[in-house]
Amino acid sequence: MSEREVIAATSGPATRSSLAADLRALGVTPGDVLVVHTSMSALGWVVGGAQAVLLALLDAIGPDGTLTMPSHSADRSEPSRWSNPPVPEAWWPVIRDEVPAFDPALTPMSSMGGVAEVLLHHPGTMRSAHPTVSHMALGPAAAHLVEPHPFDRGMGDESPLGRLYELDAKVLLLGVGHANNTSLHLAEHRAEWPSKHWIRQGSAVLLDGRRCWVEYDELDGDTDDFEPLGEAFAATGLEQVGPVGHAGGRARLMPMRALVDFATMWFPTHRA
Ligand SMILES: CC(C)(COP(=O)(O)OP(=O)(O)OC[C@H]1O[C@@H](n2cnc3c(N)ncnc32)[C@H](O)[C@@H]1OP(=O)(O)O)[C@@H](O)C(=O)NCCC(=O)NCCS
(Lines give C-alpha, C1' and ligand atoms only; values in the text may rest on other atoms or scores of the structure.)
Protein backbone atom coordinates (compact mmCIF):
# COMPACT_ATOMS: atom_id res chain seq x y z
CA MET A 1 0.00 0.00 0.00
CA SER A 2 1.40 3.43 -0.90
CA GLU A 3 1.29 6.36 1.50
CA ARG A 4 -1.30 7.95 -0.83
CA GLU A 5 -3.55 4.89 -0.38
CA VAL A 6 -2.98 4.94 3.38
CA ILE A 7 -4.15 8.58 3.52
CA ALA A 8 -7.23 7.74 1.42
CA ALA A 9 -8.15 4.94 3.85
CA THR A 10 -7.72 7.11 6.96
CA SER A 11 -10.56 9.05 8.64
CA GLY A 12 -8.17 11.28 10.59
CA PRO A 13 -4.48 11.22 11.44
CA ALA A 14 -3.32 9.07 14.34
CA THR A 15 -0.73 10.61 16.65
CA ARG A 16 1.82 9.53 19.23
CA SER A 17 -0.69 10.29 21.99
CA SER A 18 -3.72 8.71 20.28
CA LEU A 19 -1.72 5.54 19.60
CA ALA A 20 -0.46 5.39 23.18
CA ALA A 21 -4.07 5.72 24.35
CA ASP A 22 -5.12 2.90 21.96
CA LEU A 23 -2.35 0.70 23.37
CA ARG A 24 -3.32 1.38 26.99
CA ALA A 25 -6.98 0.66 26.19
CA LEU A 26 -5.86 -2.63 24.70
CA GLY A 27 -4.11 -3.65 27.91
CA VAL A 28 -0.50 -2.49 27.56
CA THR A 29 0.58 -1.35 31.02
CA PRO A 30 3.61 0.47 32.46
CA GLY A 31 6.47 -1.94 33.10
CA ASP A 32 5.43 -4.44 30.41
CA VAL A 33 8.02 -6.40 28.46
CA LEU A 34 6.68 -6.35 24.89
CA VAL A 35 7.49 -8.38 21.78
CA VAL A 36 6.14 -6.19 18.97
CA HIS A 37 5.47 -6.81 15.28
CA THR A 38 4.21 -3.88 13.21
CA SER A 39 2.80 -2.83 9.87
CA MET A 40 2.58 0.94 9.92
CA SER A 41 0.42 1.17 6.81
CA ALA A 42 -2.26 -0.89 8.62
CA LEU A 43 -2.62 1.78 11.30
CA GLY A 44 -3.76 4.54 8.94
CA TRP A 45 -1.77 7.70 8.46
CA VAL A 46 0.33 8.60 11.52
CA VAL A 47 1.67 12.09 12.23
CA GLY A 48 5.42 11.55 12.36
CA GLY A 49 5.27 8.04 10.91
CA ALA A 50 7.42 5.26 12.37
CA GLN A 51 9.11 7.51 14.94
CA ALA A 52 5.72 8.43 16.42
CA VAL A 53 4.66 4.77 16.57
CA LEU A 54 7.86 3.84 18.39
CA LEU A 55 7.45 6.70 20.87
CA ALA A 56 3.82 5.71 21.49
CA LEU A 57 4.97 2.18 22.35
CA LEU A 58 7.58 3.58 24.75
CA ASP A 59 5.01 5.91 26.32
CA ALA A 60 2.64 3.00 26.91
CA ILE A 61 5.21 0.82 28.72
CA GLY A 62 6.93 3.72 30.51
CA PRO A 63 10.53 3.82 31.77
CA ASP A 64 10.22 0.49 33.60
CA GLY A 65 9.07 -1.35 30.49
CA THR A 66 11.21 -3.08 27.87
CA LEU A 67 10.40 -2.91 24.18
CA THR A 68 11.66 -5.74 21.96
CA MET A 69 11.31 -6.64 18.30
CA PRO A 70 12.86 -9.24 16.02
CA SER A 71 15.73 -7.79 13.97
CA HIS A 72 16.15 -10.67 11.53
CA SER A 73 18.55 -10.57 8.59
CA ALA A 74 17.58 -13.53 6.41
CA ASP A 75 20.02 -12.53 3.67
CA ARG A 76 22.95 -13.48 5.96
CA SER A 77 22.16 -17.19 5.55
CA GLU A 78 23.48 -20.10 3.49
CA PRO A 79 22.83 -19.05 -0.15
CA SER A 80 22.04 -22.56 -1.43
CA ARG A 81 18.86 -22.38 0.69
CA TRP A 82 17.58 -19.12 -0.75
CA SER A 83 14.25 -19.42 -2.56
CA ASN A 84 12.75 -15.93 -2.50
CA PRO A 85 14.51 -15.25 -4.82
CA PRO A 86 17.07 -18.00 -5.45
CA VAL A 87 20.49 -17.13 -6.89
CA PRO A 88 22.49 -19.12 -9.47
CA GLU A 89 24.57 -21.96 -7.96
CA ALA A 90 27.75 -20.46 -9.40
CA TRP A 91 27.26 -17.46 -7.08
CA TRP A 92 27.11 -19.49 -3.85
CA PRO A 93 30.87 -19.68 -3.17
CA VAL A 94 31.31 -15.98 -3.96
CA ILE A 95 28.54 -15.10 -1.51
CA ARG A 96 30.00 -17.36 1.22
CA ASP A 97 33.46 -15.83 0.72
CA GLU A 98 32.45 -12.21 0.41
CA VAL A 99 29.29 -11.47 2.39
CA PRO A 100 30.20 -9.12 5.25
CA ALA A 101 30.15 -10.71 8.68
CA PHE A 102 27.02 -10.08 10.74
CA ASP A 103 27.50 -6.93 12.79
CA PRO A 104 24.71 -5.91 15.19
CA ALA A 105 25.49 -2.25 14.55
CA LEU A 106 25.64 -2.40 10.75
CA THR A 107 23.75 -5.37 9.30
CA PRO A 108 20.40 -4.26 7.85
CA MET A 109 17.21 -6.08 8.79
CA SER A 110 15.03 -7.79 6.21
CA SER A 111 11.29 -7.02 6.12
CA MET A 112 10.92 -6.01 9.78
CA GLY A 113 9.25 -2.67 8.91
CA GLY A 114 9.84 1.02 9.47
CA VAL A 115 9.08 0.99 13.22
CA ALA A 116 11.73 -1.70 13.74
CA GLU A 117 14.20 0.45 11.77
CA VAL A 118 13.64 3.32 14.20
CA LEU A 119 14.06 1.02 17.21
CA LEU A 120 17.30 -0.40 15.77
CA HIS A 121 18.74 3.10 15.50
CA HIS A 122 17.66 4.22 18.98
CA PRO A 123 20.90 4.85 20.91
CA GLY A 124 19.79 2.66 23.84
CA THR A 125 18.82 -0.39 21.80
CA MET A 126 20.79 -3.64 22.21
CA ARG A 127 20.78 -6.26 19.43
CA SER A 128 21.70 -9.91 19.95
CA ALA A 129 24.53 -11.59 18.06
CA HIS A 130 22.69 -14.18 15.96
CA PRO A 131 23.49 -13.62 12.25
CA THR A 132 19.97 -14.35 10.91
CA VAL A 133 17.45 -14.27 13.78
CA SER A 134 18.76 -11.57 16.10
CA HIS A 135 16.40 -9.84 18.54
CA MET A 136 16.66 -6.26 19.79
CA ALA A 137 15.55 -4.72 23.04
CA LEU A 138 15.35 -1.30 24.68
CA GLY A 139 14.73 -0.91 28.40
CA PRO A 140 15.79 -2.27 31.79
CA ALA A 141 15.60 -5.96 30.75
CA ALA A 142 17.45 -5.45 27.44
CA ALA A 143 20.89 -6.69 28.49
CA HIS A 144 19.43 -9.82 30.11
CA LEU A 145 17.35 -10.55 27.00
CA VAL A 146 19.87 -10.16 24.18
CA GLU A 147 22.83 -12.10 25.60
CA PRO A 148 23.70 -14.89 25.05
CA HIS A 149 22.26 -15.83 21.67
CA PRO A 150 23.74 -19.18 20.53
CA PHE A 151 23.84 -19.80 16.78
CA ASP A 152 22.40 -23.33 17.14
CA ARG A 153 18.60 -23.42 17.54
CA GLY A 154 18.41 -19.63 17.29
CA MET A 155 14.75 -19.38 18.32
CA GLY A 156 14.87 -22.03 21.03
CA ASP A 157 14.96 -21.91 24.82
CA GLU A 158 18.52 -20.56 25.04
CA SER A 159 17.68 -17.62 22.76
CA PRO A 160 16.17 -14.23 23.65
CA LEU A 161 12.76 -15.80 22.94
CA GLY A 162 13.35 -18.32 25.73
CA ARG A 163 14.16 -15.52 28.18
CA LEU A 164 11.14 -13.49 27.00
CA TYR A 165 9.04 -16.56 27.81
CA GLU A 166 10.57 -16.73 31.30
CA LEU A 167 9.68 -13.06 31.86
CA ASP A 168 6.15 -13.75 30.53
CA ALA A 169 6.41 -10.96 27.98
CA LYS A 170 3.32 -9.78 26.13
CA VAL A 171 3.17 -10.25 22.36
CA LEU A 172 1.73 -7.29 20.45
CA LEU A 173 0.68 -7.72 16.83
CA LEU A 174 0.22 -4.16 15.60
CA GLY A 175 -1.61 -4.36 12.27
CA VAL A 176 -0.15 -7.79 11.40
CA GLY A 177 -1.40 -11.34 11.82
CA HIS A 178 0.00 -14.43 13.50
CA ALA A 179 2.07 -15.31 10.43
CA ASN A 180 4.52 -12.73 11.82
CA ASN A 181 4.32 -14.01 15.40
CA THR A 182 7.96 -14.95 16.06
CA SER A 183 7.14 -16.39 19.50
CA LEU A 184 5.43 -19.33 17.77
CA HIS A 185 8.88 -20.44 16.58
CA LEU A 186 9.83 -21.03 20.22
CA ALA A 187 6.84 -23.37 20.45
CA GLU A 188 8.03 -25.13 17.27
CA HIS A 189 11.37 -25.75 18.98
CA ARG A 190 9.61 -27.32 21.97
CA ALA A 191 6.96 -29.33 20.14
CA GLU A 192 7.35 -32.62 18.27
CA TRP A 193 5.62 -33.66 15.03
CA PRO A 194 6.47 -36.40 12.55
CA SER A 195 8.24 -34.30 9.90
CA LYS A 196 10.10 -32.02 12.32
CA HIS A 197 13.74 -31.72 11.27
CA TRP A 198 16.82 -29.54 11.52
CA ILE A 199 18.88 -28.14 8.68
CA ARG A 200 22.50 -27.04 8.51
CA GLN A 201 22.61 -23.27 8.16
CA GLY A 202 25.65 -21.08 7.52
CA SER A 203 26.61 -17.44 8.04
CA ALA A 204 29.60 -15.13 8.13
CA VAL A 205 30.25 -13.86 11.66
CA LEU A 206 32.98 -12.09 13.59
CA LEU A 207 34.81 -14.31 16.09
CA ASP A 208 37.54 -12.56 18.09
CA GLY A 209 37.36 -9.76 15.54
CA ARG A 210 38.00 -12.07 12.56
CA ARG A 211 35.46 -12.87 9.86
CA CYS A 212 34.67 -16.57 9.59
CA TRP A 213 31.99 -18.78 8.09
CA VAL A 214 30.18 -20.80 10.75
CA GLU A 215 27.66 -23.61 10.41
CA TYR A 216 24.88 -24.25 12.89
CA ASP A 217 21.59 -26.14 13.34
CA GLU A 218 18.37 -24.42 12.44
CA LEU A 219 14.84 -25.75 12.80
CA ASP A 220 13.14 -26.07 9.42
CA GLY A 221 10.05 -24.24 10.66
CA ASP A 222 6.86 -23.48 8.81
CA THR A 223 4.61 -20.44 9.25
CA ASP A 224 1.85 -21.77 6.96
CA ASP A 225 -0.38 -22.81 9.87
CA PHE A 226 0.39 -19.89 12.19
CA GLU A 227 -2.87 -18.09 11.23
CA PRO A 228 -5.22 -20.98 12.12
CA LEU A 229 -3.16 -21.60 15.23
CA GLY A 230 -3.62 -17.93 16.16
CA GLU A 231 -7.39 -18.22 15.62
CA ALA A 232 -7.51 -21.27 17.87
CA PHE A 233 -5.57 -19.39 20.55
CA ALA A 234 -7.91 -16.38 20.28
CA ALA A 235 -10.82 -18.72 21.07
CA THR A 236 -9.29 -19.30 24.53
CA GLY A 237 -10.17 -15.69 25.37
CA LEU A 238 -6.57 -14.91 26.33
CA GLU A 239 -6.00 -12.59 23.37
CA GLN A 240 -7.16 -8.99 23.61
CA VAL A 241 -8.14 -7.34 20.32
CA GLY A 242 -8.76 -3.65 19.84
CA PRO A 243 -8.66 -0.81 17.34
CA VAL A 244 -5.47 1.06 16.68
CA GLY A 245 -5.16 4.15 14.49
CA HIS A 246 -7.98 5.41 12.28
CA ALA A 247 -8.11 3.07 9.29
CA GLY A 248 -9.77 0.00 10.78
CA GLY A 249 -6.39 -1.20 12.08
CA ARG A 250 -6.46 -3.97 14.69
CA ALA A 251 -4.00 -4.77 17.42
CA ARG A 252 -3.76 -8.08 19.24
CA LEU A 253 -2.17 -8.47 22.65
CA MET A 254 -1.49 -11.81 24.33
CA PRO A 255 0.61 -13.33 27.11
CA MET A 256 3.60 -15.06 25.55
CA ARG A 257 3.75 -17.95 28.01
CA ALA A 258 0.12 -18.93 27.47
CA LEU A 259 0.54 -18.55 23.71
CA VAL A 260 3.70 -20.67 23.53
CA ASP A 261 2.28 -23.33 25.87
CA PHE A 262 -0.89 -23.49 23.74
CA ALA A 263 1.09 -23.73 20.49
CA THR A 264 3.41 -26.40 21.90
CA MET A 265 0.34 -28.57 22.51
CA TRP A 266 -1.31 -27.58 19.19
CA PHE A 267 1.52 -28.51 16.79
CA PRO A 268 1.68 -32.25 17.55
CA THR A 269 -2.04 -32.69 16.90
CA HIS A 270 -2.21 -30.46 13.81
CA ARG A 271 1.03 -31.38 12.05
CA ALA A 272 0.42 -35.10 11.99
C1 LIG B 1 6.66 -6.42 5.95
C2 LIG B 1 5.87 -5.38 6.73
C3 LIG B 1 6.81 -4.61 7.64
C4 LIG B 1 5.21 -4.45 5.73
O5 LIG B 1 4.34 -3.53 6.39
P6 LIG B 1 4.16 -2.06 5.80
O7 LIG B 1 3.08 -1.40 6.54
O8 LIG B 1 3.99 -2.15 4.34
O9 LIG B 1 5.59 -1.38 6.03
P10 LIG B 1 6.10 -0.44 7.21
O11 LIG B 1 5.60 -0.86 8.52
O12 LIG B 1 7.57 -0.37 7.02
O13 LIG B 1 5.48 0.97 6.86
C14 LIG B 1 5.83 1.62 5.65
C15 LIG B 1 4.56 1.90 4.88
O16 LIG B 1 3.69 2.70 5.68
C17 LIG B 1 3.00 3.62 4.83
N18 LIG B 1 3.26 4.95 5.35
C19 LIG B 1 4.12 5.90 4.95
N20 LIG B 1 4.03 6.97 5.73
C21 LIG B 1 3.09 6.70 6.66
C22 LIG B 1 2.57 7.40 7.78
N23 LIG B 1 2.99 8.62 8.09
N24 LIG B 1 1.63 6.77 8.52
C25 LIG B 1 1.21 5.53 8.24
N26 LIG B 1 1.68 4.80 7.20
C27 LIG B 1 2.61 5.40 6.43
C28 LIG B 1 3.49 3.43 3.43
O29 LIG B 1 2.55 2.58 2.80
C30 LIG B 1 4.81 2.73 3.62
O31 LIG B 1 5.08 1.84 2.58
P32 LIG B 1 6.13 2.29 1.44
O33 LIG B 1 7.39 2.62 2.18
O34 LIG B 1 6.22 1.10 0.57
O35 LIG B 1 5.50 3.48 0.82
C36 LIG B 1 4.78 -6.05 7.60
O37 LIG B 1 3.82 -6.66 6.77
C38 LIG B 1 5.34 -7.10 8.53
O39 LIG B 1 5.53 -8.26 8.17
N40 LIG B 1 5.60 -6.71 9.80
C41 LIG B 1 6.09 -7.63 10.84
C42 LIG B 1 7.58 -7.91 10.72
C43 LIG B 1 7.99 -8.93 11.76
O44 LIG B 1 7.99 -8.68 12.94
N45 LIG B 1 8.37 -10.14 11.30
C46 LIG B 1 8.77 -11.22 12.16
C47 LIG B 1 8.73 -12.50 11.39
S48 LIG B 1 9.31 -13.93 12.33
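A residue is called buried here if 20 or more other C-beta atoms lie within 10 Å of its own, exposed if 12 or fewer, and partly exposed in between, with C-beta atoms placed from the backbone. Helices (H or I, at least four residues) and strands (E, at least two) are DSSP runs, numbered from the N terminus. The model shown is predicted, and local features need pLDDT of at least 70, side-chain atom pairs count only at pLDDT 80 or more, and totals for chains, interfaces and linings use all residues. Residues are numbered from 1 along each chain as its sequence is written.

**View 1. Strand 5 as a covered strand.** Strand 5 (residues 170-174) is mostly covered, five of its five residues being buried. K170, L172 and L174 point one way from the strand, while V171 and L173 point the other way. Strand 5 pairs with strand 1 in the parallel sense over five bridges, where two strands pair if DSSP finds at least two bridges between them. Within this pairing, T38 stands opposite L174. Strand 5 is also joined by five bridges to strand 9 (residues 250-255), and these two strands run antiparallel. The bridge partners in strand 9 include P255 for K170 and L253 for L172.

View 2. Seven strands form an open sheet in the order 3-4-2-1-5-9-8, with mixed pairing. Strand 3 (126-127) and strand 8 (240-243) stand at the edges with a single partner strand each, so one side of each is left without a neighbour in the sheet. Strands of a sheet pair through backbone hydrogen bonds, either parallel or antiparallel. Strand 1 and strand 2 (residues 66-70) are paired in the parallel sense over three bridges, with T68 as the bridge partner of V35. Strand 8 is joined to strand 9 by four bridges in an antiparallel arrangement, and V241 has R252 as its bridge partner in strand 9. Six residues lie between the strands of the hairpin that strand 8 and strand 9 make, in which G245 takes a positive phi near 75 degrees.

View 3. Leaving aside neighbours within four places in sequence, V53 is in contact (C-beta atoms, placed from the backbone, within 7 Å) with L19, T38, M40, L43, V46 and V115. Helix 3 has 13 residues and reaches 19 Å from its first C-alpha to its last, close to the 18 Å expected at 1.5 Å a residue, the expected span being 1.5 Å times one less than the number of residues. G62, which follows helix 3, has a positive phi near 70 degrees.

**View 4. The shell around the ligand.** The ligand is surrounded by 23 residues, of which the closest are H37, M40, S41, G113 and G114; a residue is near a molecule if its C-beta atom, placed from the backbone, lies within 6 Å of it. The elements giving two or more residues to this shell are helix 1 (3-8), strand 1 (33-38) and helix 5 (114-120). By class, the shell has 11 nonpolar, 11 polar and one charged residues, where Ala, Val, Leu, Ile, Met, Phe, Trp, Tyr, Cys and Pro count as nonpolar, Asp, Glu, Lys and Arg as charged, and the others, Gly among them, as polar.

**View 5. Backbone details in the loops.** A cis peptide bond, with omega about 0 degrees, joins N84 and P85, and P85 is placed in the loop between strand 2 and helix 4 (92-98). The peptide bond from E147 to P148 is also cis, with omega near -5 degrees, and P148 lies in the loop between helix 6 and helix 7 (160-166). D208, in the loop between strand 6 (198-207) and strand 7 (210-219), has a positive phi of about 50 degrees although it is not a glycine. D208 is exposed, because 5 other C-beta atoms lie within 10 Å.

Key. Contact = placed C-beta atoms within 7 Å.
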